[in-house]
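Student: I'd like to learn how to read the features of a protein model. Could we work through one together?

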Amino acid sequence: MKNEGEATERPDNTAFTQQWLPAWQPILSAGIVIPGFLIIGLAFIGIGIGLFLTSQTIQVLEMDYTGIEKDSPCFRCTIQSVQNCTCEVTFSLSALFTGPVFFYYGLSNYFQNFRKYGVSKDYYQLTGDTQYFKSPRDVCSPYSYDSKNNPIVPCGAIANSMFNDTFELYQIINGTKKKVPLDGKGISWWTDYNIKYRNPLSVNGSFASAFDGTVKPINWPKAAYELDLTDPNNNGFLNQDFLVWMRRAALPQFRKLYRRITEGDYAMGLPAGNYSLTVHYNYPVLSFDGRKKLVFSNVSWMGGKNDFLGIAYLVVGSLCMVMAVVMLIVYAKFKFSEEDDA
Amino acid sequence: MLRRRLNRLCGGDEKRVDSRTIYVGHRPCPDTEAFIPSKFCDNRIVSSKYTVWNFLPKNLFEQFRRIANFYFLIIFLVQVIVDTPTSPVTSGLPLFFVITVTAIKQGYEDWLRHKADNEVNKYPVTVLEDGRSVKKESEKIKVGDVVEVVEDETFPCDLILLQSSREDGTCFVTTASLDGESNHKTHYTVPDTEKDLQALPATIECEQPQPDLYKFVGRMHIYKPEQEPAVRSLGPENLLLKGATLKNTKKISGVTVYTGMETKMALNYQGKSQKRSAVEKSINAFLLVYLCILISKAVVCTTLKYVWQSKEGQDEPWYNQKNQKEKDTNMYLKMFTDFLSFMVLFNFIIPVSMYVTVEMQKFLGSFFITWDKDFFDPEIQEGALVNTSDLNEELGQVEYVFTDKTGTLTQNNMEFIECCIDGFQYKHRDTRSELDGFTVTDGPVNKLQQKAGQEKEELFLRALCLCHTVQVKEAGSEEVLTDQVDGIDGMQPQPEEERGFIASSPDEIALVRGAMEYGFTFLGLESKSMKIKNRENNIEEYKLLHVLNFDPVRRRMSVIVQTKSGETLLFCKGADSSIFPRVKPEEVDRIRMHVERNATEGYRTLCVAYKQLSAEEYAVADTGLREARLALQDREQKLMAMYNQVETGMSLIGATAVEDRLQEEAAETMEALQGAGMKVWVLTGDKMETAKSTCYACRLFQRGTELLELTVRTLEDGRLKREEKLLELLRDYHRRAVQDAPPVKAGVTRSWSTANQDYGFIIDGATLSLVMNPSREADASQYRSLFLQICQNCTAVLCCRMAPLQKAQIVKMVKNSKGSPITLSIGDGANDVSMILEAHVGIGIKGKEGRQAVRNSDYAIPTFNLCFILPQFLYQFFCGYSQQPLYDAAYLTMYNICFTSMPILAYSLLEQHISMEILLDNAALYREIANNAMLRWRPFLYWTVLGIFQGLLFFFGVRFLFSNPALQDNGQVFGNWSYGTIVFTVLVFTVTLKLALDTRHWTWINHFVIWGSLAFYVFFSFFWGGIIWPFLKQQRLYFVFANMLSSVSAWLVIIILILLSLLPEILLVVLRKPRGPHSRQKKPSQSNVGGSQSSQSSARPLLMRTFSDESNSVI
């Protein structure tokens, strides 16, 4: 122990070991803080104005179609016994609704963020791994097997509760309905569609037979492989509506993208006029006192309409300005007293 | 046989049933009934805590005794058992990490202890076995082995000295590492033992091991063929203690009596309880607060959940049906599991990594102490050594300093300063200017008579030469160069002038050396005759008749010598108080003035007296002394009485002053310590006089200090019993020091420089044991509290004649007193070990390093995790109280370990929120730091409020943003994981930037760590969300972070929330700054006050470097 060389016993005389590292010692003095606050304040007010104005330009059209009131068009569909109910919601635009117009549906008092609900899916099924078709994960319970003990694919509460109201939009020109083409592509996250979710490989050229031995979710009218028979790229787990639904909303009041209006005569937006919306009313919400909404909106660089950000920036910016002024006054006073001391 | 029985009946010590019998050399002895080899413990010393086998369970047990660890274990188990929102990994992984890191650290430290133990235990020792010397490992020594030890070796166990290479059957021993007394002590062989140790048939009966170093009772039976066994009584002078070192003796042999953990040294070690720092204790207090918050949160959520569920359709909407098992579960059981789930969800409010951070900080911080160049001693080529890293932060909070004297305060290096002969003062330092080396600097009233008479002078010097127990060092006495400081240029270079002396006390050497300066040289003791060389270079020879040894009660020693001419002389030297009553009063008056002046100078003073004994007187004394010495019972009392009888009617010749050289700048250090508001207690095994003069010398006692003495001497009272006197004195002192003292505001007037009367308190070991263990148990608490109160009101306390365990007792008592102050012990020997173990901080060298840990630990706790978990809590109101986590599990797990811990660590290690120079110049700053100021409830509350504010801000800021979840310009919506990720990003940035705001000392490491951990967060998020992880059952964070960054709104909300949550902190920093106590503006004015301070910083007090040097004007 003591035989070690003397040199090794001696502490290194480096700046680090002696704690003499050159150090920058910033002092938040008035000279820095007051201009800093002024600059931040100005910048924030600038951004705030920009945000606020942008938000103001965004057009939003919201309609509740739950059918609570007796005179509302969809009241009839709220009665349990009615099957395949359709109802018609009309609205009119007094000016051009600038495109591209985004068509959202909204639900309130709907808890997609329930914990049990949230974990109730089998990711391996959704990557198209047919091994897991036969034995869904436990977390899917009670949506893993039907009453005859057949495995459900896709299993779980999220998939089972997929929103299944469908809409058709018509512009009414001189009493005739002109269908507004709705674009269902690109409404889900690119990575969800292209990477995260995968369809099972077709068996013997038939996509449906990949699902052999499984049953559709209980609440679904049709099986996963029948979600969009017109477009194989929008079918199965890659159905965009399905993907949108599978991305759980953060709050109990949410909206999800349904369609975009980007094609044909409506690429520039919805012209002024009367419109009729045919709702295939399937989704029950009244049992948990929920509401269903339709939202037409266009977006800007900051996304959908949201006044909050602009206002927040304006408020914080002004706060900074006020504080800068207050500090200026305080410092002016303090500086005098300091000079008195000196 | 008969005699043995008789002995057994007479000998008081023999009545103990549990005495042990030792067979020397394991030989059966003819006289004993049967040779029964008894079982004694082996000679292994174990200071380590763990072995390979018990490390895991024992260490785990110790670790889980910590509240936080135990708590996380519970959480982990809950997660394993109950269906909870987060997987067990989220708390299991950090817990595992924490436990592993701590275990590695503790294991490493224990491994070092093992190594040290092994070094001792495997040390080769020579053992005489069956006529041969055998080399053995020290641990293999058994009781009864005959062990050989050579010079400068330490004794491997407690030995009874049987044989010495010295002719007179003595050996010299230094017990510096045992009780701190580095002088040489003489030990004696058992008289009249056979020369042939190989065949010595003997047994030793002695008491069972006990910790008192100065007590040993035993007897040895030597069996000779066809003779009655001879009996020799054994005392402490025959016992060589483990840990002591053999000096100036070539070789000794001894028989082992106590081994291993039964040696007196080992018994003086105390159990190694894990030291808990006060910071850890307050952390635990905060933990409890947070635990309460956590539980109340969980209770609130559980209650609200069931309230909310009672509404129609909320509990089980059609889209979220329960399965059969859930439906069947008992309602109350469900409530309970819900409660547990909420607990698990919010458990991160108590950061698992807190201990890791604190521990890493301490561990690394201790390296800074080791590395510190200013602690480096070029003489011994060693820097500071940190043995435990657990307690750095305490260094900043010490209130009581306990210090050893010898070697710590003083260099244990005595120097003869001056003497006074018959009222005339001779100053040694002026030797050179006078031909004969005598100078009178301070003359008596009669100016004509400049010196005392020649006769008196010579008598005095002869007395100095003769009245001592000094030995001349034999080995190369001609060459030995002593450490004389003063030049002897006025003298002829005679080699004999510089010789090595060995004595039981260094001041004896100083005196002999002093006499040498004046021309009288002690040449040595040869077969009972002392030779001195006088000024005329003639050799005088004296026959040494008796040595009346020094003892602390008499406080003097004498020799009786016979001159060539047949005169019998008694020379006596001792403390003034013990000499003055025994000499003629008119002589006293002439000398008293000098003595008192010297004493106040801090020198050790001794008075020298002599007496001529007539033949009859000597005969009486001689027989008396011999009888007393041989007495088997009450030997000490008889001797004492005889001594007192002999040492009367002497005449005073003079007095001496000897200086015990203090350590460099010890006085300055002491004053700085007191200036910093600490109370200094000196605990020493030394004599009271020595200790007292040291205290004066290092200005612990000032001239105006009123001393309250509680010693054996003050307790000697004819009228009262000791204990009654003790109580009386205690009450008296208490009245003076506590009740009469003006009420002192704690903390404000802790200064030493107050106008109030300063009190110093002196107590010795014997009295202390009376105080601690009075005969009536009922008085114990009363005594103690009186004692403690007196002590606390004294500026300095001196405890002398302390056994190691008593030192520890004192420390423990103070530690457990009201307010549980932090204590620090400084010592250099094994005698201080238990005291060091007992105190909060062991051999402590206070550095700037300590303080930051204090800041660190409170930093680590409150704010971060509150604002971390509060959004999680608030989210429950929006997800139907379903325990949905807001953040992804990876974030939950990594938050404390990776994202926020490194900056805190760097901050706590490197921050110097007051620069070193300022700290050195200003002791008052230290006071603010002490007393745990940084870890008090006020900042804790402030941080809690701030944390709540930030948590609310984070959550609702994002909540309002998400009122429209379409945040991208492609109209797509964000889900719940995006929500959580935005909140988490704001959180990580805010926390790190807040730390950046608090950092006032930005080294490149701080830059690296702060910006690095932010970059790491971003990198990690990309990485975590950028890959489909095959081992995960859900890819919920896949591309969430990247998508978030593609949204301008998310950016904007992150920026504004960070700024807004930092705003209060910025405002506080800006507004408080100019008026803050640590303001930098003070610096110039400070250095203006003392112009000489620049020179001060280069010459810092040795012991306590970073304390200020207010004292430079006093020096």
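Tutor: Let's go through this one feature by feature, starting with the ground rules. This is a predicted model, where local features need pLDDT of at least 70, side-chain atom pairs count only at pLDDT 80 or more, and totals for chains, interfaces and linings use all residues. Residues are numbered from 1 along each chain as its sequence is written, chains are lettered from A and ligands numbered from 1 in the order in which they are written, and side-chain values use heavy atoms, with hydrogens and water left out.

Student: Let's get an overview of chain B. How many helices and strands are there in chain B?

Tutor: Helices (H or I, at least four residues) and strands (E, at least two) are DSSP runs, numbered from the N terminus. Chain B has 37 helices and 31 strands.

Student: And what share of the residues of chain B count as buried?

Tutor: Buried means under 20% relative accessible area, exposed means over 50%, and partly exposed is in between (1.4 Å probe, protein chains only). For chain B, 58% of its 1115 residues count as buried. Chain B exposes about 45600 Å², and carbon and sulfur atoms supply 58% of that; the areas come from the Shrake-Rupley method with a 1.4 Å probe, and for residues only the protein chains shown count as cover. Contacts are another thing to look at, a contact being heavy atoms within 4.5 Å. In chain B, 74% of the contacts with a separation of 6 or more are between residues 24 or more positions apart.

Student: Which residues of helix α28 of chain B are buried?

Tutor: They are B:Ser901, B:Pro903, B:Ile904, B:Leu905, B:Ala906, B:Tyr907, B:Ser908, B:Leu909 and B:Leu910. That's nine of the 10 residues of α28 (residues 901-910), so the helix is largely enclosed by the rest of the structure.

Student: Where do A:Arg247 and A:Asp192 lie?

Tutor: A:Arg247 is in the loop between α8 (240-246) and β7 (254-261) of chain A, and A:Asp192 is in helix α7 (residues 190-196) of chain A, so to speak a link between distant parts of the chain, 55 residues apart. Their closest N and O atoms are 3.1 Å apart.

Tutor: B:Lys994 is buried with 1% relative accessibility, and B:Asp998 is buried with 11%. Elsewhere, salt bridges that share partners join B:Lys122, B:Glu137, B:Glu139 and B:Lys140 into one network.

Student: How many aromatic pairs turn up over all chains?

Tutor: A pair of aromatic rings is described by the distance of the centres and the angle of the planes. Rings of Phe, Tyr and Trp (its six-membered ring) pair if their centres lie within 6.5 Å; planes under 30 degrees apart count as stacked, over 60 as edge-to-face and the rest as tilted. The search finds 84 pairs over all chains. One of them is A:Phe91 with A:Tyr275, which is stacked because the centres are 5.4 Å apart and the planes are at 15°. A:Phe91 sits in strand β2 (residues 85-93) and A:Tyr275 in strand β9 (residues 273-281) of chain A, 184 residues apart. Both residues are buried.

Student: Is the pair of A:Tyr110 and A:Tyr283 stacked or tilted?

Tutor: Tilted, with 6.1 Å centre to centre and 35° between the planes. Both A:Tyr110 and A:Tyr283 are buried.

Student: Which charged residue sits over the ring of A:Tyr104?

Tutor: The test is that NZ of Lys or CZ of Arg is within 6 Å of the ring centre and within 35 degrees of the ring normal. The charged end of A:Arg255 sits over A:Tyr104, 5.7 Å from the ring centre. Likewise, A:Arg259 lies over the face of A:Tyr258, at 4.3 Å from the ring centre.

Conventions
A salt bridge is a side-chain nitrogen of Lys or Arg within 4 Å of a carboxyl oxygen of Asp or Glu.
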